[in-house]
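I opened this model to look up its sheet, its helices and its overall build, and I am writing down what I checked as I go.

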Amino acid sequence: MLTIKIGKAKDNDFVVDAPSVSRHHALLKRDENGSLFLEDLSSTNGTFVNGIQILKKRIACTDTVLLGKSPLNISEALNSNNDYIQEFAALKEVYEKYTAQKVRIQSATTFRTRLFQAAPFALPGIVGFVISFSGSGGMIFRAICLAIAVCAPAAGIYMGAQQAAKAPQQLQELADQFKIDYVCPKCGIFLGEIPWESLANKKNCSVQSCKAKWANRT
Ligand SMILES: [Zn+2]
């Protein structure tokens, strides 16, 4: 079901700026079967189909329609439809993927950072300390073990820090892509990090010149 609001006011889907046209003059509807209907919205100068004033009438594209004295191009009005409901619905997945990936990057980084820092501590560090203080082996061997015991945690901390530094870059790349994908399907404006459901509740694009319909009015 497609509904196109026609009139002089800027908030119509199809604006007809003529003296005999009311602010909210008529509705052009197309049902599931493709049938067209024209409905007058108690306009001042009336709506006419083939010379006869109507309140609500099934029409064809070839009919001559007048809004007051102003002719209405039906095909043009149909093309003005702001229905982006299907395209907007596809953005739900874009938002969900973005938030899921963001969480994945953040938690994976935290886990890997801890692993890199903890593992060198736990294995060669302990072994190095045990050997260097157990008295077995020569001086040089014990010195090497002690060096490993000291260096392993340092290397672990360094690698962990490097791993953590990767995260902002990955998040930046993700955010950049999100800014390209999460846009109004009509005017292309970035929708911000606003949950899809919140935008769906707004129902329309807030850009004045766009007014794309995102979701059905309830
Ligand atoms: Zn828009």
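Which residue in β3 is the bridge partner of leucine 2? I found arginine 30 in that place, and I noted that isoleucine 4 has leucine 28 as its bridge partner in β3.

Before going further I wrote down the ground rules. The model is predicted, so local features need pLDDT of at least 70 and side-chain atom pairs count only at pLDDT 80 or more, while totals for chains, interfaces and linings use all residues. Residues are numbered from 1 along each chain as its sequence is written.

**Confidence.** I looked up pLDDT (the predictor's confidence in each residue, from 0 to 100), and the protein chain has a mean of 88, with 96% of its residues at 70 or more. Confidence is lowest in helix α3 (residues 91–134), at a mean of 80, and highest in strand β5 (residues 47–49), at 98.

**Sheet.** I took helices (H or I, at least four residues) and strands (E, at least two) as DSSP runs numbered from the N terminus, and I counted two strands as paired if DSSP finds at least two bridges between them. Five strands form an open sheet of mixed pairing, in the order β2-β1-β3-β4-β7. β2 (14–15) and β7 (56–59) stand at the edges with a single partner strand each, so one side of each has no neighbour in the sheet. Strand β1 (residues 2–7) pairs with strand β3 (residues 26–30) in the antiparallel sense over five bridges. β3 is also joined by five bridges to strand β4 (residues 36–40), again running antiparallel, and lysine 29 stands opposite phenylalanine 37 in β4. In the hairpin of β3 and β4, with five residues between the strands, I noted that glycine 34 takes a positive phi near 90 degrees.

**Helix α4.** I then followed α4 (residues 139–181), whose 43 residues reach 63 Å from first C-alpha to last, close to the 63 Å expected when 1.5 Å is multiplied by one less than the number of residues. α4 bends by about 25 degrees at cysteine 151, with proline 153 following within four residues; the bend is the angle between axes fitted to the seven residues ending there and the seven starting there.

**Overall build.** The protein chain has five helices and nine strands. Its radius of gyration, taken over C-alpha atoms, is 33 Å, well over the 17 Å that the globule rule gives for 218 residues, so the chain is more spread out than a compact globule; that rule is 2.2 Å times the number of residues to the power 0.38.
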